[in-house]
2 protein chains.
Amino acid sequence: MPYQAFDSLAAVAFAKQRGLIAADADVSCREIGDGNLNLVFHLQTADSSFIVKQALPYARCVGESWPLSLERARIEAEVLKAHGKVAPEWVVKVLDFDLEQYAMVEEDLSHLELLRKRLINAEKVDNMGQNLADYLADSLYAYSDFELDPKQKKALVSQFINPDLCLITEDLFFTDPYREHERNDIFPASRQSAEALWQDDELLARVAELKVHFLSCPQSLLHGDVHSGSVFSGPGELKVIDAEFGFFGPIGFDVGSVIGNLLLAWCRHHTLGNEAYAAWLVEQCLVFWQRFESRFSALLKGSKDVALVNARYQRRFVAKVLQDTLGYAGTELIRRTLGLAHVADITSLDDELRAKAEQQALSLGKALVLASDEATSIGLLSELLKKAPVSAAA
Amino acid sequence: MPYQAFDSLAAVAFAKQRGLIAADADVSCREIGDGNLNLVFHLQTADSSFIVKQALPYARCVGESWPLSLERARIEAEVLKAHGKVAPEWVVKVLDFDLEQYAMVEEDLSHLELLRKRLINAEKVDNMGQNLADYLADSLYAYSDFELDPKQKKALVSQFINPDLCLITEDLFFTDPYREHERNDIFPASRQSAEALWQDDELLARVAELKVHFLSCPQSLLHGDVHSGSVFSGPGELKVIDAEFGFFGPIGFDVGSVIGNLLLAWCRHHTLGNEAYAAWLVEQCLVFWQRFESRFSALLKGSKDVALVNARYQRRFVAKVLQDTLGYAGTELIRRTLGLAHVADITSLDDELRAKAEQQALSLGKALVLASDEATSIGLLSELLKKAPVSAAA
């Protein structure tokens, strides 16, 4: 059957046809997608439930004007399987994938909540930093040059070339927010800061470097979009979803996305005067990096490539990942403030607070990008945060 | 017809079948290959001549024990065409390629001489540094992130993934020479220096970094093997051949290969006491880099990616290419001394002089690798050469 966008009936028929649900079962189905690129259905029978996720051939938020290869659905399923193989505890299970309908069946995670929602609600999510660090250390090490045979790595790089979705990141993270562009969505109160930022030549030079690094540094198979809306969590459980942006890129991009999103939550709570929670978020950033660093460094010691078994080099590699991480965290703060895609952490604030939170995000983002090149420790982040303006509501 | 290794008769039949030579023409044909991976035939008719080059499914020098994908013949033809498109003056013309026989027909360059031979003979080759700089600046810029559309670049990266031949470089440049390995070929007089070098932890750390950069930095479509045996030259003419090692890698690797090979010739002539010629070789290294730097920098100004149009960033990019260049030049000196593949510049010396030339190559190679990270100007090379031991024969 040629590709056709599902409605609820078609999603159920698909699950039955693939043998995940008995042909005569009663199934209730509702579309639950709030993403921009896919249709997502929740299927419930008397004794089981699943998610059916189907790629659309265009970006949903901008109608059919932004065509996107359906190939990304294959990539998403394969990234989740690849990461799930080496970090099974932290990745949503892919139960089935069909290349004709570009549709995937996943385990149902509706007993969990999106991390972004929990962060907005000021919940201290158990082991959040540690779990995300373990997920990234294990999956990013496993597909790196340290672990993979060079031929196998090259085959995987080719398998995960993801031009359409990488282009979105290339444009929306590294290009549009640094100049006047119709895709930007700039809150009026942030306009002046945006224009000042566009004149900062050193910032633009550093962002160019981060962009080229994103384009041409296939260190490992990234998730590519580990923001707090790609993570489900609940008591004793954390699961990463939505890997359609996966490709071989710089490790610091994934690591920096996590920190960038925790800092966006920090901008919210610092502005609201929730200082205890803001401090917890900072602590989680530090825990996250320290855990990632120690676990990833421990894995490096077992490198399969004898030429890379050198402690001095491995320390330098991790030190560079930290610099990249802080730089990419900075670009996440900036693009979520000036670019196309904002976050509810900030946009759900009333206008006056939103303006203040956006100032925080922009000044912190800029400081991170500018300082990242010289960073030798995650302590830099605490230093930068100490310099942040006192919260408005305090 | 399934793949079959040609003899002279088959090479002629192939050229006739492909329509390059009339079916009834008288053709003389001789095998002229001295490479290790291919059969090379020279075909001569009354009014024309060609080269037929066919890939062997194994490395010729080690019998059938080192299998190599025939795919590399496609890659070679496509790299030569891709570089020829943007730097036609400096690249051998590919007249035909057949994917079934993995055989390519090229223009005949037998009126020219291999550059290595001319360097060994102490010929001051006209415009050598300039011509090689123009070749590399034009071809490496054209396939970089500055010029290519990101989607087009990713498709090309995939098209030029070259696992078998990259593995040769990965092993023979960056792994074997830095430890005891059966593939090494160490001249007895250099044994002690080799063992000392293997204990130099900082050197090993820097070489690990250069290896990872080679593995995971697809900056542009490289030739991949621009040593002086891959260059033909004659009055007013210079042509690069043998691009089967081509892939998307770090620009400094190609640029450093040129400098490394000029320095191998320098080790020969400095040891022989040919100081005027040795000085000319150094001057050519400087001319080569300066020309490359100015031409490549001028091209960067026209970058198609608006996010990369930033003079500050572009200067940093070129500065990093210089560091890579010096590092890779250093690894070329070391691997040509301790590794599997030596160069006639050194091996054709008598034993006593060879021992001295190898000492030069090793100490210069090591100094280049160690200093490359901090290099801010090509002047570093002259500084290092001034510190070289006085020539033996002087």
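Predicted model: local features only at pLDDT ≥ 70, side-chain atom pairs only at ≥ 80, totals over all residues.
Residues are numbered from 1 along each chain as its sequence is written, and chains are lettered from A in the order in which they are written. Local features need pLDDT of at least 70, side-chain atom pairs count only at pLDDT 80 or more, and totals for chains, interfaces and linings use all residues, while side-chain values use heavy atoms, with hydrogens and water left out.

**Both chains**

Begin with chains A and B together: a rotation of 180° with 0.0 Å of shift along its axis superposes chain B on chain A, with an RMSD of 0.0 Å (least squares on the C-alpha atoms of residues with pLDDT of at least 70 in both). This is the relation of a two-fold axis. Of the interface residues of chain B, 100% are also interface residues in chain A, so the copies meet through the same surface.

**The sheet of chain B**

Next select the five strands of chain B that form an open, antiparallel sheet in the order E1-E2-E3-E5-E4 (strands are DSSP runs of E, at least two residues, and helices runs of H or I, at least four, numbered from the N terminus; two strands pair if DSSP finds at least two bridges between them). Strand E1 (28–31) and strand E4 (94–98) of chain B stand at the edges with a single partner strand each, so one side of each has no neighbour in the sheet. From one strand to the next the twist averages 20°.

Helix H2 (residues 71–86) of chain B lies across E2, E3, E4 and E5 of chain B, at about 155° to E4(B).

**The cavities**

Finally, turn to the seven cavities of 30 Å³ or more (sets of points on a 1 Å grid over the protein atoms alone where a 1.4 Å probe fits but cannot get out, with lining residues having an atom within 4 Å of a point; points are joined across faces, edges and corners, and a volume is the space filled by probe spheres set on them). The largest cavity has a volume of about 420 Å³. Among its 33 lining residues, select A:Val157, A:Ile161, A:Pro218, B:Val157 and B:Pro218, the closest to its centre. H5(B) gives the most to this lining, with four residues.

Note on methods: 1 Å grid on protein atoms, 1.4 Å probe; cavity = no way out; pocket = protein on both sides within 12 Å on 5 of 7 lines; lining within 4 Å. Axes fitted to C-alpha atoms, helices over the stretch in contact; angles between N-to-C directions. Contact = heavy atoms within 4.5 Å.
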